Amino acid sequence: MAETKPLVGIIMGSDSDLNVMQAAADMLTQFQIAFELTIVSAHRTPQWMFDYATSAKSRGLKVIVAGAGGAAHLPGMVASLTTLPVIGVPVKSSNSIDGWDSVLSILQMPGGVPVATVALNGAKNAGILAAQIIGSFDEEVSKRIADYKQSLSDEVMKKVEKMKT
Ligand code: RP5
């Protein structure tokens with residue numbers, strides 16, 4: 001996969017977000033989708049954020065997963081700078097007010113600039129959603145996601161059967 005051009009950009013405001021954001025990377029790895037992962041801070045590296053977001057489409061990315069905590073402006077600002085779909089992951093950072101700061105600052109976007117916001121620390125679902133976006137035009141990826149969903153169902157049904165005995 002190393003030589004394949006990344007289709008998904010996973011970005012985060014700080015390396016302290018990585019333990020949460022790794023789950024998005026893990027899902028993309030599972031679905032065999034090439035991705036890149038880096039730190040982009042809306043507040044500490046605004047020029048880098050601008051350059052990253054404005055070059056993302058021409059570099060071949062199809063979707064961006066952006067995680068941040070606190071005054072989490074990264075997903076919204078990136079969404080304002082690109083036509084690619086942006087999935088926002090509110091990260092519960094250490095000085096967070098229970099994560100509500102992250103959730104609301106990513107969720108409450110003004111009309112016209114959507115960010116698809118997942119749950120607090122919901123990087124796993126962000127990875128799956130990004131894969132589903134790729135799967136909308138890549139049949140192989142779509143099949144892998146279908147298999148994954150079937151495995152979720154099988155797991156529950158196994159428990160249903162077990163409870164009968
Ligand atoms: C945000 O501030 C980051 O996304 C992170 O969640 C939080 C704390 O960052 P550090 O001070 O740990 O770098 O910008």
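Good morning. Let me begin with a convention: two residues are in contact when their C-beta atoms, placed from the backbone, lie within 7 Å. With that in hand, I turn to the structure above, which is a predicted model.

I start with helices H5 and H6. Under that criterion, Ala-131, Gln-132, Ile-134 and Gly-135 of H5 meet Val-141, Ser-142 and Ile-145 of H6. Sorted by class, the residues of this contact are 4 nonpolar and 3 polar, with no charged residue. As for geometry, the axes of H5 and H6, the latter covering residues 139-164, come within 7 Å and cross at roughly 135 degrees. H5 is therefore oblique to H6.

H5 has a further partner, helix H1. H1 comprises residues 18-30 and H5 residues 123-135; the two pack at an angle of about 35 degrees, and their axes are 7 Å apart. The crossing in this case is right-handed. On the H1 side, the contact is formed by Val-20, Met-21, Ala-23, Ala-24, Ala-25, Asp-26, Met-27 and Leu-28. On the H5 side, the residues are Ala-123, Lys-124, Ala-126, Gly-127, Ile-128, Ala-130 and Ala-131. The class count for H1 with H5 is 12 nonpolar, 1 polar and 2 charged residues.

The next pair is H2 and H3. Helix H2, residues 46-55, and helix H3, residues 74-81, have axes that come within 8 Å and cross at roughly 50 degrees. The two helices are therefore oblique to each other. H2 passes H3 in a right-handed crossing. H2 contributes Met-49, Phe-50, Ala-53 and Thr-54 to the contact, while H3 contributes Leu-74, Met-77, Val-78 and Leu-81. These residues divide into 7 nonpolar and 1 polar, and none is charged.

I move now to the ligand. Which residues surround the ligand? They are Gly-13, Ser-14, Ser-16, Asp-17, Ser-41, Ala-68, Gly-69, Gly-70, Val-91 and Ser-93. This shell holds 7 polar residues, 2 nonpolar residues and 1 charged residue.

Finally, the annotation. An unreviewed UniProt entry lists residues 6-156 as "domain: PurE". In the model, that span is 46% helix and 17% strand, and its end C-alpha atoms lie 33 Å apart.

To summarise the classes: the H2 and H3 contact has no charged residues, the H5 and H6 contact likewise has none, and the H1 and H5 contact has 2. Thank you for your attention.

Technical notes
Residues numbered from 1 in each chain as written. Predicted model: local features only at pLDDT ≥ 70, side-chain atom pairs only at ≥ 80, totals over all residues. Axes fitted to C-alpha atoms, helices over the stretch in contact; angles between N-to-C directions. Helix = DSSP H or I, 4+ residues; strand = E, 2+ residues; numbered from the N terminus. Parallel < 35°, antiparallel > 145°, perpendicular 65-115°, else oblique. Left-handed = near helix turned anticlockwise from the far one by under 90°. Nonpolar A, V, L, I, M, F, W, Y, C, P; charged D, E, K, R; others polar. Near = placed C-beta within 6 Å. UniProt positions renumbered as here; feature names shortened; annotations may be inferred.
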